[in-house]
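Reader: Hi! I'm new to this one, could you walk me through it?
Author: Happy to, let's have a look together.

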Amino acid sequence: MARTKTKANPYQQHEDALRQKQHQLLDSYERDKAAGNAQPDDGIQDLADKAASAYSKELNFSLSDAERNLLMMIDEAFNRMKEGTYAICTNCGATIGEKRLQAVPWTPFCIDCQELQEKGLL
Ligand SMILES: [Zn+2]
């Protein structure tokens with residue numbers, strides 16, 4: 001693959017992972033939306049059936065709150081990369097471990113702050 005960037009991003013691997021996850025979320029959303037509207041393979045349906053199944057597909061396949069949340073966190077992670085604050089805990093300023101970034105590249109918190117947040121203490 002040709003690389004056009006001159007400056008190496010130390011977090012390239014995480015950036016790729018973030019993009020992949022972002023596309024995954026957006027793709028399945030777009031695909032499901034299209035499936036809800038188009039229904040190309042269902043053969044002959046009357047209009048009422050079509051409308052009903054489109055409606056329920058829209059409901060079933062809309063992004064969940066968790067997915068929307070994740071997209072937001074991915075967005076924020078990209079922003080932190082741009083600002084050079086990626087891999088720094090947004091709460092306490094500690095460096096977020098490499099292993100943790102590999103598992104959850106969109107995380108804004110170090111493991112300690114994540115625990116606090118999960119306990120509702122943050
Ligand atoms: Zn922290």
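Reader: Great, where does L116 lie?
Author: L116 lies in helix α5; helices are DSSP runs (H or I) of at least four residues, numbered from the N terminus. A word on the source: this is a predicted model, where local features need pLDDT of at least 70, side-chain atom pairs count only at pLDDT 80 or more, and totals for chains, interfaces and linings use all residues. Residues are numbered from 1 along each chain as its sequence is written, and side-chain values use heavy atoms, without hydrogens and water.

Reader: Why does L116 count as partly exposed?
Author: Because its relative accessible area is 34%; buried means under 20%, exposed over 50%, and partly exposed in between, with a 1.4 Å probe and protein chains only.

Reader: And Q114, buried or exposed?
Author: Q114 is buried, at 16% relative accessibility. Q114 is also found in helix α5.

Reader: What does Q114 contact, leaving aside neighbours within four places in sequence?
Author: R100, T107 and F109, where contact means heavy atoms within 4.5 Å.

Reader: Switching topic, which residues are the protein donors of the zinc ion?
Author: C89, C92, C110 and C113, each through SG, at 2.2 to 2.3 Å from the zinc ion. Donors are N, O and S atoms within 2.8 Å of the metal (3.2 Å for Na, K and Ca); water is not among the atoms, so sites may look incomplete.

Reader: How are those donors spaced along the chain?
Author: The spacing is C-x2-C-x17-C-x2-C. C92, in the loop between α3 (65-83) and α4 (98-103), and C113, in helix α5 (residues 111-118), are 21 residues apart.

Reader: Is C113 buried or exposed?
Author: C113 is buried, at 4% relative accessibility, whereas C92 is partly exposed at 46%.

Terms used. Helices (H or I, at least four residues) and strands (E, at least two) are DSSP runs, numbered from the N terminus.
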